[in-house]
Amino acid sequence: MAGPDVVRCRPAAVTMRALRLDFDTRRLELADHPEPAGPGDGDVRIRLLECGVCGTDRGVAEFECGSPPAGESALILGHEAVGVVDALGPGVTGLETGQLVVPMVRRNCGPLCAMCRRGRRDNCLTGEYVERGILGLHGYLCELAVDQADDLIAIPSELADFAVLVEPASVIEKAWELALRLHPGEPRSVLVLGAGPIGILAAWCALRNGFEVTVVSREAEDSTRALLLKRHGARYARSLDGVRADVVIEACGSAELAMAAMGVMRRLGVLILLGARPAEVRLPSLDMIIGNHIIAGSVNASREHFGMAVRRLRSYDREWLAGLLHRLPLSQAAETIFTPRPGVIKAVHRISD
Ligand SMILES: [Zn+2]
Ligand SMILES: [Zn+2]
């Protein structure tokens, strides 16, 4: 005898709004996307509040780098995020619902390499890591995300308005620490190439540490960025003429300008590359040897650098920080990624709008 018919009832997938880059159709659009499953053991679900966009998002959106999660054709963009803890999975300690958090970007390789095991996934040895919103993992230009508790940085509520700057500021903390560690002498002057958000944060960091700071960028002397930097104590110039520096931080994307800046670097000088795009450049090898010069690249940041970024941002005048940010609705994120808005230093998208 046949048993009763079993009615299989599958609830409709619950979806959220997300800025998705489809690698098959090559379209970037705000669309419905299934909410993430979980939180499972050790996981935390976060409700995203804001997400900044930067040149990396543009590089991914132009298919220069990045990839969707394995088995999927689309990637949710966004890696400079702030959210609140919305639900805790079993076994999570140290976080409570309602806590403001910033997620780190990179996730460990597996099996763990020696650096990932030491908590330095930013210096992963294998290159088999994944990165939220960039490489193989969905990002945060969406409503909900699930992360391991270990991947989140708790943010004090007083920094809520500026927490979206923690991720970019963490990149500067790592670069700054690296520059000082590599320089064998007593560096006093810093040249920052580029007056974007990373360049401005680098200049502020150097100023706070008592360095003499020059920023060289292409914006006019009376542009918002140039005026802001001068007001805060940096020298601003549109060429390298007359500049001398012990440390150069490249945050402009130009390998040509970075190489030219080697020519104004003092002996023992250190050049840190953060965003220079590949280019055929002439390496001034003899000057480098005679000057004991060092060139280093730096990417991503460790948990410690995120913590340092939180402390650094808390030490800045709130007016300085407010001057960097321009908030826009999520619906305009695709546009912002492809077309930087004139006068906007850092575009930040509110998720709930
Ligand atoms: Zn970024
Ligand atoms: Zn690794």
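Arginine 132 stands opposite leucine 137 of strand E9. Strand E8, residues 130-132, runs parallel to E9 and is joined to it by two bridges. Strands here are DSSP runs of E with at least two residues, helices are runs of H or I with at least four, and both are numbered from the N terminus. Two strands count as paired if DSSP finds at least two bridges between them.

Before I go on, the basis. This is a predicted model, in which local features need pLDDT of at least 70 and side-chain atom pairs count only at pLDDT 80 or more, while totals for chains, interfaces and linings use all residues. Residues are numbered from 1 along each chain as its sequence is written, chains are lettered from A and ligands numbered from 1 in the order written, and side-chain values use heavy atoms, with hydrogens and water left out.

Back to the sheet. It is open, has three strands in the order E7-E8-E9, and its pairing is mixed. At the edges are E7 (106-107) and E9 (136-137), each of which pairs on one side only.

By salt bridge I mean a side-chain nitrogen of Lys or Arg within 4 Å of a carboxyl oxygen of Asp or Glu. Aspartate 147 sits in strand E10, residues 144-148, and arginine 107 in E7, so to speak distant parts of the chain, 40 residues apart. The structure holds 20 salt bridges.

Proline 111 is in the loop between E7 and helix H2 (114-117). Another cis bond joins glycine 38 and proline 39, with omega about 15°; proline 39 lies in the loop between strand E2 (27-34) and strand E3 (43-52). One more backbone item is leucine 268 in strand E16, residues 265-273: its phi is near 75°, a positive value in a residue other than glycine.

Now the domains. The chain divides into domain 1 (15-154 + 316-350) and domain 2 (169-297), with bounds from an automatic or database domain assignment. Their C-alpha centres lie 28 Å apart. Twelve residues of domain 1 and eleven of domain 2 make the contact, where contact means heavy atoms within 4.5 Å.

How much area is buried between domain 1 and domain 2? About 1200 Å², with carbon and sulfur atoms giving 63%. That is the accessible area (1.4 Å probe) that two parts lose on being put together, summed over both. On the side of domain 1, Tyr316, Trp320 and Ile345 lose the most area to domain 2, together 57% of what that side buries.

The rule finds two salt bridges across this interface. Separately, the side chains of lysine 174 and aspartate 122 meet in a salt bridge at 2.8 Å, N to O.
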